[in-house]
Amino acid sequence: VWQHTAILNKRYGSIPMNIGDIYTTNAGLECQVIHIAKRKKITVKFLITGTVKEVFSDNLVAGKVKDQYCPSCLGVGFDGDFDKSIVYWTKARQLWRNMMKRCYSTKDTRGYKGTVVIAPRWHNFALFLEDISTLDNFDKWLEGGDCSKTRYQLDKDLKGDGTVYSVQTCQFITEHENKSMGAVNARAWDSRYGRKPPVNRQKQN
């Protein structure tokens with residue numbers, strides 16, 4: 001194991017690299033070299049999250065190294081290590097992003113910010129992707145789409161109290177059921193607090 005070496009890079013030429021050197025990524029994150037196993041493979045540790053990963057030296061020098069555990073979605077959500085061979089990951093990612101936006105975006109005036117949260121486990125997209133296949137009616141949500149006669153959406157109300165998105169409180173229900181539940185919730189909030197809840201009447205699809 002080399003403690004220091006000169007990395008040969010086509011673009012940057014010969015670059016001295018040592019254990020303990022700190023590099024800054026294009027996203028402004030600092031990572032430290034902790035192991036040099038080969039001339040092209042470097043192990044780094046991100047200083048904020050503690051994430052350890054093996055990267056190519058070219059990418060490290062160019063700043064093209066990403067920390068998949070650093071919050072990148074509204075300062076809350078992060079990718080984690082998800083399996084891109086899962087055929088529905090892009091559809092699930094859009095669902096996850098919409099959920100994050102409704103709960104944490106200050107720009108979504110019809111969202112849930114301040115009234116609804118997402119369970120910490122689901123801040124990690126990889127775990128969200130892992131969990132949604134266990135939710136009721138997942139197969140129907142997966143089969144449906146914008147052109148489907150019966151669309152299924154992610155619901156947090158029927159199993160829970162409507163304040164948390166989690167694997168324990170969520171399921172997929174039809175768009176019609178979701179809209180009906182939204183109307184019922186609005187009346188309940190109006191009765192309890194004397195005002196309408198500042199939430200969107202249509203949930204995640």
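Here are a few notes on the cysteines and aromatic rings of this predicted model.

1. Ground rules: residues are numbered from 1 along each chain as its sequence is written, and side-chain values use heavy atoms, with hydrogens and water left out. As this is a predicted model, local features need pLDDT of at least 70 and side-chain atom pairs count only at pLDDT 80 or more, while totals for chains, interfaces and linings use all residues.

2. Cysteines: the whole structure has zero disulfides (a disulfide being a pair of cysteine sulfur atoms within 2.5 Å). For Cys103, the closest cysteine sulfur belongs to Cys170 and is 9.3 Å away, so that is too far for a bond. Cys103 has 1% relative accessibility, so it counts as buried (under 20% relative accessible area; exposed is over 50%, partly exposed in between, with a 1.4 Å probe and protein chains only). Cys31 is also at 1% and buried.

3. Aromatic pairs: there are eleven (rings of Phe, Tyr and Trp, its six-membered ring, with centres within 6.5 Å; planes under 30 degrees apart are stacked, over 60 edge-to-face, the rest tilted). One of them is Phe82 with Phe125, with centres 5.0 Å apart and planes at 80°, so edge-to-face. Both residues, Phe82 and Phe125, are buried.

4. Ring pairs join Phe82, Trp89, Trp96, Trp122, Phe125 and Phe128 into a cluster.

5. Charges over rings: the charged end of Arg93 sits over the Phe125 ring, 5.6 Å from its centre (the cut-offs are NZ of Lys or CZ of Arg within 6 Å of the ring centre and within 35 degrees of the ring normal). Lys91 lies over the face of Trp141, at 4.6 Å from the ring centre.
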